Amino acid sequence: MRDTRAAPSYFKFTLCHTAPSDPNLAYHLIQSFAPGEVSAAEAHKIGIKLADRSRYSYIVSTHTDKEHIHNHILFCAADNIDNKKYHDCKKSYWNIRHISDELTSYMGMEQEQAQEKNHDKKPSL
């Protein structure tokens, strides 16, 4: 979600179409990176790409207050398509972790390729 000010409205609208039996309104995910692994901008981009792969409204906030950069991803407990609630379990966790690692690896490869491409170019006068 690009406009975080709209998040409460999106969350509320989606949640009003679900059964009220489940008290969870949102989930909080922390996506951490090793020190020096990514810049804050890259971490934020990875967090958005991760959240975009879901069916849930979300907010991504990138923090640099620790020695490692990390994202806080808050996502609505109900999806935007079927209004079904998120099922929080180990399988879901490992799926998110796998996608996160895949995106981080892909971003690293893109960066290396760009650096190699720029390195191969001869300086112009």
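Mentor: A residue is called buried under 20% relative accessible area, exposed over 50%, and partly exposed in between, with a 1.4 Å probe and protein chains only. The model is a predicted one, in which local features need pLDDT of at least 70 and side-chain atom pairs pLDDT 80 or more, while totals for chains, interfaces and linings use all residues. Residues are numbered from 1 along each chain as its sequence is written, and side-chain values rest on heavy atoms, without hydrogens or water.

The protein chain holds three helices and three strands, taken as DSSP runs numbered from the N terminus (helices H or I of at least four residues, strands E of at least two). Their order from the N terminus is α-β-α-β-β-α. Of the 125 residues in the chain, 32% are buried. Among contacts (heavy atoms within 4.5 Å) with a separation of 6 or more, 63% join residues 24 or more positions apart.

Now to the pocket itself. The largest pocket has a volume of about 370 Å³. A pocket here is an open set of points on a 1 Å grid over the protein atoms alone, where a 1.4 Å probe fits and protein lies on both sides within 12 Å along at least five of seven lines; lining residues have an atom within 4 Å of a point. Its volume is the space filled by probe spheres set on the points, which are joined across faces, edges and corners. In answer to your question, the lining comprises 18 residues, and those nearest the centre are Ser54, Tyr56, Tyr86, Asn95 and Ile96.

Three elements each supply at least two residues of that lining: α2 (40-52), β3 (70-76) and α3 (90-120). The main contributor is α3, which gives five residues. By class, the lining of the largest pocket has 10 nonpolar, four polar and four charged residues, where Ala, Val, Leu, Ile, Met, Phe, Trp, Tyr, Cys and Pro are nonpolar, Asp, Glu, Lys and Arg charged, and the others, Gly among them, polar.

Tyr86 is itself one of the residues nearest the centre of the largest pocket. Between Ile96 and Leu50 the C-alpha distance is 7.9 Å, across 46 residues of sequence.

With residues up to four places away in sequence left out, Leu50 touches Leu29, Gln31, Ile73, Ile96, Ile99, Ser100 and Leu103. The largest nonpolar core has 25 residues, of which Ile46, Leu50, Tyr58, Val60, Ile73 and Phe75 touch the most other members. Such a core is a set of buried Ala, Val, Leu, Ile, Met, Phe, Trp, Tyr and Cys residues joined through side-chain atoms within 4.5 Å. Two or more of its residues come from each of α1 (7-15), β1 (26-32), α2, β2 (58-63), β3 and α3. Here α2 gives the most, with five residues.

Helix α3 also takes part in another opening. Two or more lining residues come from β1 and from α3, and α3 contributes the most, with six. The classes are six nonpolar, four polar and three charged. Arg97 lies in helix α3 and is partly exposed because its relative accessibility is 39%. Its C-alpha is 9.6 Å from that of Leu50, at a separation of 47 residues in sequence.

Asn83 sits in the loop between β3 and α3, the two elements that, with α2, each supply at least two residues to the lining of the largest pocket. Its phi is near 60°, a positive value in a residue other than glycine. Most residues other than glycine have a negative phi. Asn83 counts as partly exposed because its relative accessibility is 22%.
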